[in-house]
Amino acid sequence: MNEKEFSLQEEDKEKIKSAVKFHNPMEITSYTLPKNMEVYIQEVLGEFLLECHQEHMIDYLKFCVDELLNNSKKANTKRIYFKEKNLDINDEQDYNEGMMFFKDETLLNIDHYLEEQKKAGLYIKLILKKEDDFITIEVRNNCALTKFEKDRIDEKIDLAMHYSNISDVFANVLDQTEGAGLGIIIIILMLQKIGLSKDNYHIISTDSETITRIELPLNKDIQNQINEVSKVFAKKQTAIPIFDSSFDKLQDLLNAPRTEETQVTDFFTKEPTCAFLLLSESCKEHKDCACVIQAVKLLGLEKIRKIFTPENEKIRIVPVTEQLKKLWKHDYHVAFVAYNLVQNFPPKSVLTKEYIFTIALIHNIENLLVAVATPEQKAEVIQECLAQNISEAVVELFYTENCFYKYDNLISERWGQSPLVNAAFSYLYQNDPSSTVLKEIVNYIYFADIIQCYKEKSVDYYQIKKNILDTFGIDSESKLLYIIKQIDSVLKD
């Protein structure tokens, strides 16, 4: 993202959700950091922390990030100022001479210096990223720290440890050469107020960048409670939702006089929840069944007719809406992309494209179930959770955070899916499996999902993990676009 008139849009919120879901970085770059950009960054940071369940930190971290951004902006201005004064910023005598009038002279002509910073390509960059156990907030600028700047920063961090409140800082700290010198001290005090310390604050200088990083531990209490809610939710799922129009289509197909197995198979490959129930039933015949084609063959048309009847209590017919159709369609497209990735980038293991397609098709099952949860189902979940001292607010959080594929394995185990499906769901977007087969499943489905999100404009190219791009031989956005074009040319909705 670069400079323009910014305000947080729905598209931005979707990108933030995707960044949290995929553990991808959110990156915002500016060269002059105008006021509208500062406001936009504050909005993005607030939304990002909400998605990570860290709302109690928002106000404190907004101050910290604003201070760090403006420090980076000032550092870039300093490079231009010293260059125009023909002073060596790394020479102690030149540095002290330049800093005598830096503040006053640049303030009087700030527009000129900002324009020169932009021409020189001196950026200020914010990077937000959620990992498994912590969040990183980084502010970067492409200027290496001088020894003198580093010494002053270290001095301020050490000084911060002598204060417990901001009023004492204002009364005792003043540094007119670099500005008031209060910012770094107040940042440390702000971090202390949210249970952190200077150990969560890092300054890294490379040959080309200065990186200031704040590391935040995740709210594990909230996450643990959501994990418990997911177990309750999985236990309560006694029926699989199927669209009314899809169910009618399947009935017509099954009751037609000359229906072929291939026609029925084709139907199930486009319906994630129908495929999930089909696989669940087929695992009673063969516990390792993890493929739609195999499931249809194992059960046969007669058994499938008996399973997919209106009387089956394992089926809940739901009316189709545009929002639900979009969710179902996304999963079919992910499966289709994964299938084509296998064709074009063959696995090293014995995996087949049919297995990858099927697991990708149903990989989002919990999100689909959450999307159609009834008020009665929600009430049952709340009642049981309250008995476990889990607040209603946490239950609501479970429903509104879109699950992000964290608990699909609970649903798949509850419904007796194959060990391969259960194992794959345990690793999707969570951990790095040691098994070659599982690693390949995770990579194909992750990349297929990322491609679909990229097409839907909820993920930018820079956010895609480099190791995944390398796995599929992609070293530029143009190559990714070529692959998407090839897949789209054969995609049938």
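This is a short walk through one predicted model, from the whole chain down to a few single residues.

I'll start with the overall picture. The chain has 493 residues, and 54% of them are buried. Its C-alpha trace spans about 95 × 55 × 40 Å along the principal axes. By secondary structure, there are 23 helices and seven strands. On contacts, take the pairs of residues at least 6 apart in sequence: 73% of those contacts join residues at least 24 apart.

Next, the sheet. Five strands form an open sheet in the order β1-β2-β3-β5-β4, and the pairing is antiparallel. The edges are β1, residues 26-30, and β4, residues 201-205; each has a single partner strand, so one side of each has no neighbour in the sheet. On average, neighbouring strands here are turned by 15° against each other, direction ignored. As a reminder, strands of a sheet pair through backbone hydrogen bonds, and the pairing can be parallel or antiparallel.

Strand β2, residues 124-130, runs antiparallel to strand β3, residues 134-141, and seven bridges join them. Within that pair, L126 stands opposite V139 in β3. The other pair is β4 and β5, antiparallel over five bridges. These two strands form a hairpin, with four residues between them. If you want a position to look at, I203 stands opposite T212 in β5.

Now, what lies across this sheet? Is T77 buried or exposed? T77 has a relative accessibility of 4%, so T77 counts as buried. Leaving out residues up to four places away in sequence, T77 touches F102, T106, I110, Y113 and Q117.

Moving on to a helix pair. Helix α6, residues 147-160, packs with helix α8, residues 183-193, at an angle of about 40°, and the axes are 8 Å apart. That angle makes α6 oblique to α8. The crossing of α6 past α8 is right-handed. From α6, the residues that meet α8 are I153, K156, I157, L159 and A160; on the α8 side they meet I184, I185, I188 and L189.

There is also a parallel pair of strands, β6 and β7. Strand β6, residues 240-243, and strand β7, residues 315-318, run parallel and are joined by four bridges. The bridge partner of I242 in β7 is I317. In a regular strand, side chains alternate between the two faces of the sheet. In β6, I240 and I242 point one way, P241 and F243 point the other way, and all are buried.

L369 sits in helix α16. The relative accessible area of L369 is 1%, so L369 is buried. Which residues does L369 contact, leaving aside its neighbours within four places in sequence? They are F233, Q237, A239, I240, P241 and I411. For a sense of distance, L369 and Q225 are 144 residues apart in sequence and 19 Å apart in space, C-alpha to C-alpha.

In α18, residues 392-400, the buried residues are V394, V395, F398 and Y399. Why do they count as being on the same side of α18? Because they cover an arc of only 145° around the axis. These buried residues pack against α9 at 220-236, α16 at 365-371 and α17 at 375-387.

Technical notes. Residues numbered from 1 in each chain as written. Predicted model: local features only at pLDDT ≥ 70, side-chain atom pairs only at ≥ 80, totals over all residues. Heavy atoms only, no water. Buried < 20%, exposed > 50% of the residue type's maximum accessible area, 1.4 Å probe, protein only. Contact = heavy atoms within 4.5 Å. Arc of directions from axis to C-beta. Pairing = 2+ DSSP bridges. Axes fitted to C-alpha atoms, helices over the stretch in contact; angles between N-to-C directions. Parallel < 35°, antiparallel > 145°, perpendicular 65-115°, else oblique. Left-handed = near helix turned anticlockwise from the far one by under 90°.
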